[in-house]
Amino acid sequence: MSMYIPQTLANGRYSVGDLVGHGGMAEVHIGTDTRLGRTVAIKIMRSDLATDQIFLRRFHREALAVAKLNNPNIVAIYDSGDEEFADERGQIVRVPYIVMEYIKGQTLRDILKVNGPLSEHDTGQVMIGVLSALEYSHREGIIHRDIKPGNIMISDEGIVKVMDFGIARALDDSQTTMTQSQGVVGTAQYLSPEQARGEQVDSRSDLYSAGCVLYEMLTGRPPFVGDSAVAIAYQHVSETATPPSAIVPGLPKEWDAIVAKAMAKNRTNRYATAGEFRDDIVRLMNGGTPLAAGVVSPIATEKLQDTPDYNIPPVQPTPQNSYAQGNGYAAYDQPTNTGYMPPAATTGTMQPTRAEELEKQRKKKHRTAAIVASVVVVLLLVAAGVWYFTSRNSSANPEMVTVPTIDSTYSRDRAKSAIEAAGFVYKEQVDSDSTEPDGTFTKQDPAGGTQAAKGSTVTCWFSDGPSSVAVPDVSGQTQAQAQQALEKAGFKVGNIYTEDSATVAKDKVTRTDPADGESAKEGTTVDLYISNGMTTVPDDLVGSSQSDAQSTLSKSGFSVVVQQESSDSVSEGLVTRTSPSSGEHVEQGAQITIYVSTGPSTVTVPSVIGMTYDNAAATLKSMGLVAAKSGSSGSGSVVGSMTVNGETVSAGASVPEGTTVTLVMTGGGSGGSSGSDASSSGSASPSGSASPSGSASSESSGQ
Ligand SMILES: Nc1ncnc2c1ncn2[C@@H]1O[C@H](COP(=O)(O)OP(=O)(O)OP(=O)(O)O)[C@@H](O)[C@H]1O
C-alpha cells in the first residue's frame with residue numbers, strides 16, 4: 001500500500017515522520033506532537049475508508065472510547081481526526097488518523113516470524129500482559145474484537161502493549177473492508193466461533209482469540225490455517241485444534257488444558273474473565289496445576305484423558321500440514337486414526353533441546369508423513385470434487401422467488417414468518433449503528449422485491465437502540481465547527497438560538513442543550529446557543545466598594561472609568577451609580593462609568609444678617625440649607641417687619657447640605673434683640689435635626 005501522506009496534521013500540531021509499519025488498513029508513522037513536544041505514532045487510515053460514513057462515525061466513536069483507557073499494557077490513544085489535503089496530483093483527499101503512544105519495539109507477529117515458538121516463560125509473560133490489558137478494558141466495557149499477534153507489541157524494555165482496541169468494531173459492516181480480503185484473512189486465524197458465525201461478540205470472544213495467540217506462541221503456528229478466510233473460519237466453528245503438546249514434544253500437558261479452555265467453542269465453557277485466564281497461567285508458571293486441568297469443558301476433559309495417546313509428530317507450520325490437520329486428522333479429535341506410532345521415549349542421558357527433538361522426530365516420521373499427506377491430498381481432492389458437483393447441481397437453475405419487503409412496522413417474529421413463508425432462510429443481525437428504538441427493523445439483504453434463489457438466506461437487521469454518548473464541548477467554536485463536531489459524535493443539530501454572553505465572542509457557541517458532558521442517546525437533537533456579542537451590565541454594583549465593582553466589571557470584559565461624586569445616602573468610597581446602569585443591554589467590552597461617593601456635599605453658610613426672614617430663608621434654601629427662626633415674640637405682621645440679627649451657624653462656616661440655620665430676628669428694623677444671640681450659642685444641624693440648643697421655639701422653613 002502506498003499512500004500520499006501530508007507532512008503535518010491538525011493545523012501543524014503533529015508533524016509526520018518516517019513510516020514505521022503498515023497493515024491492511026493503514027500506514028503508521030513516527031511523529032511529533034509539536035504542542036506537547038512528545039514523540040507519537042500516527043496511524044493514517046486509507047483514504048477510501050473516509051468515504052465510508054459508517055466507518056468514519058464508528059472510528060471516531062471508538063477512538064473516543066478507547067482514549068479513555070489508561071493501562072500500562074494498552075497503547076494509549078491521544079487524539080483522532082480527519083485531515084483533508086491535496087495529494088501530489090492536486091486531488092482533495094480526506095484521511096482519518098489516530099495519534100497514539102509510540103512503542104519502540106516489535107510486534108509479537110514479527111517476533112514469532114523470526115524466532116518461531118517462544119519459551120514457556122516468555123509465553124507466560126506475554127499472556128499475562130495481554131490478559132491484564134483485556135481484564136482492564138473489559139471492565140471498562142470495551143471488547144477488543146481483533147486480538148492477534150500483529151496487535152501485540154513488545155517494547156524494547158519487554159513491556160507488552162496491546163493496540164488497536166475497538167478498530168475492528170469500526171471496520172465491522174464497512175463495505176470497504178468486507179471486500180478487503182487481506183484484512184479478513186489476517187484476522188480469521190484468531191476469530192472466535194461466534195465471530196465466524198456473525199453472532200454478537202462479548203468479552204469471551206477476546207479470550208478465545210487470546211487462546212489462539214497462546215497457542216501460536218507455544219507452537220509457532222496458529223491453531224488453524226487454510227487457504228482462505230472461509231476455510232479458517234470453518235475450522236474455528238467445527239474443528240478442534242491439535243493440542244500444543246502434540247506439536248511440541250515435552251510441553252507440559254497443562255498448557256493443553258489452558259488452551260482448550262480458552263478456545264472452547266461454546267463460550268460458556270471458556271474462562272469467564274481475562275483475570276481467571278491469567279491466574280491459571282500464573283498458577284502453572286508457579287509450578288501449580290491450572291484449574292483448567294481439573295474442571296474444563298467436556299471436550300477438553302475428554303481429550304486430556306486421552307493425552308497419553310497423543311502421538312502426532314511435530315508439525316511444521318506449512319499450509320499443507322496445517323490444512324490437513326484442519327481437515328480432520330487433528331490428534332485432538334482422532335489421535336488413533338493417524339496410524340502414527342508413538343515417538344520413541346527420550347530417555348537418553350543428555351536432554352536434547354526442543355528444536356533438536358523436533359528435528360529428530362520429523363526426520364523419523366518423514367516418510368510416514370509423506371504417505372499420509374498424499375492420502376490426505378487425494379481425499380481432499382475427492383471431497384472437493386464431490387462438493388463441486390453437488391453444489392453445481394443444486395445451484396443449477398434454482399427456483400427464484402421474490403424477497404418479501406420488510407419495514408419498520410415488522411416485529412422480529414413477523415419478519416421471520418414472512419421470510420420463511422416465502423421460502424427463504426431467515427437470519428437476524430443486530431444493527432448497533434441505528435438510532436432507532438431497540439428492536440426496530442432497519443434494513444434487509446437482499447432488498448425487498450428483488451428475486452433470490454429459494455432456500456437462500458435473507459438477513460434482517462434490528463436496532464439494539466441508540467447508544468449513549470457524551471455531548472462534546474463545542475463552546476467557543478463557530479456554528480459550522482460545532483455542527484460538524486456534534487454530528488461526528490452522532491447527534492443532530494436542532495434549533496440555533498442567539499443569546500447574550502459576557503465572555504464568548506460574537507458568533508461563537510456559548511453552550512448547548514443538552515449541555516456538554518451530559519450523556520444522551522445517539523441521534524438526539526442538540527440545540528446550539530450562539531453569542532450575539534451583547535451582554536448586560538451586572539447587578540449589585542451600587543453600594544459595593546470601588547475595587548469590587550471594578551473587578552466585577554473587568555472580569556466580565558468591560559472597560560471601567562471611575563468618577564467621584566458626593567452623596568448624602570451612600571458612604572464615601574462606595575459606588576453610588578453606574579452609567580449605563582445595571583441590567584442595561586450593552587455590547588461586550590463596553591465602557592462603564594462607575595460613580596464613587598465622596599460623602600455628603602458641603603456648603604458655605606452665607607451671611608443673611610439684616611435681611612427679612614423671608615429673604616434670608618430663600619437665600620439659605622438656594623444654597624441647600626434650611627432656615628428656622630428664633631427669638632420672635634410678635635405676631636406675623638410684626639415678624640414680617642423684623643430682620644435677621646444673628647445666625648446660629650456663623651457665616652463662612654462649611655456645613656453639610658441640608659443643615660438647619662436658625663435665624664435670630666429682631667423687630668421693626670431697630671436692631672434690638674428680643675432673644676439670645678443665636679449665632680454664638682446655636683449649632684449647625686442637618687435638616688430635620690434639632691435647632692440650636694437652648695432655643696425657646698423654632699420653626700423651620702424653606703424645605
Ligand atoms: N503505536 C505504535 N508504535 C510503534 N509502532 C507501531 C504502533 N502501531 C503500529 N505500529 C507498527 O505499525 C505496523 C502496522 O500497524 P497496523 O496496526 O496498521 O497494522 P497491522 O496490525 O499490522 O495490520 P492490520 O491492518 O491487518 O491490523 C505494526 O505492525 C507495527 O510495526
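Biologist: Which is D540, buried or exposed?
Modeller: D540 counts as exposed, at 70% relative accessibility. Exposed means over 50% relative accessible area, buried under 20% and partly exposed in between, with a 1.4 Å probe and protein chains only. This is a predicted model, in which local features need pLDDT of at least 70 and side-chain atom pairs count only at pLDDT 80 or more, while totals for chains, interfaces and linings use all residues. Residues are numbered from 1 along each chain as its sequence is written, and side-chain values use heavy atoms, with hydrogens and water left out.

Biologist: Where is D540 found, and what is its phi?
Modeller: D540 is in the loop between strand 20 (534-536) and helix 18 (546-555). Here helices (H or I, at least four residues) and strands (E, at least two) are DSSP runs, numbered from the N terminus. Its phi is near 65 degrees, a positive value in a residue other than glycine. Most residues other than glycine have a negative phi.

Biologist: And what about N11?
Modeller: N11 also has a positive phi, of about 55 degrees, although it is not a glycine. N11 belongs to the loop between strand 1 and strand 2 (14-22), and it counts as exposed at 87% relative accessibility.

Biologist: Changing topic, what does UniProt list for K43?
Modeller: An unreviewed UniProt entry lists K43 for "binding site". UniProt positions are given in the numbering used here, feature names are shortened, and annotations may be inferred rather than shown by experiment. In the model, K43 is in strand 4 (residues 38-45) and is buried, with a relative accessible area of 12%.

Biologist: Which residues does K43 contact?
Modeller: Leaving aside neighbours within four places in sequence, the contacts of K43 (heavy atoms within 4.5 Å) include A26, E27, Y97 and D164.

Biologist: What is the order of the strands in the sheet of 6?
Modeller: This open sheet has the order 1-2-3-4-6-5, with antiparallel pairing; two strands pair if DSSP finds at least two bridges between them. Strand 1 (8-9) and strand 5 (77-86) stand at the edges with a single partner strand each, so one side of each has no neighbour in the sheet. Strand 3 (residues 26-33) and strand 4 pair over 8 bridges, and the bridge partner of A26 is M45.

Biologist: How many aromatic pairs are there?
Modeller: A search of the whole structure finds 3. One of them, Y271 with F277, is stacked, at 4.8 Å centre to centre and 10 degrees between the planes. Rings of Phe, Tyr and Trp (its six-membered ring) pair if their centres lie within 6.5 Å; planes under 30 degrees apart count as stacked, over 60 as edge-to-face and the rest as tilted.

Biologist: Why is the pair of F441 and F462 edge-to-face?
Modeller: Their planes stand at 75 degrees, with the centres 5.9 Å apart, so the pair is edge-to-face. It links distant parts of the chain, with F441 in strand 12 (residues 441-445) and F462 in strand 14 (residues 457-463), 21 residues apart. F441 and F462 are buried.

Biologist: How do strand 12 and strand 14 pair?
Modeller: They pair in the antiparallel sense over 4 bridges, and Q444 stands opposite C460.

Biologist: What joins D445 and P446?
Modeller: A cis peptide bond joins them, with omega about 0 degrees. P446 is in the loop between strand 12 and strand 13 (451-453). D513 and P514 are likewise joined by a cis peptide bond.
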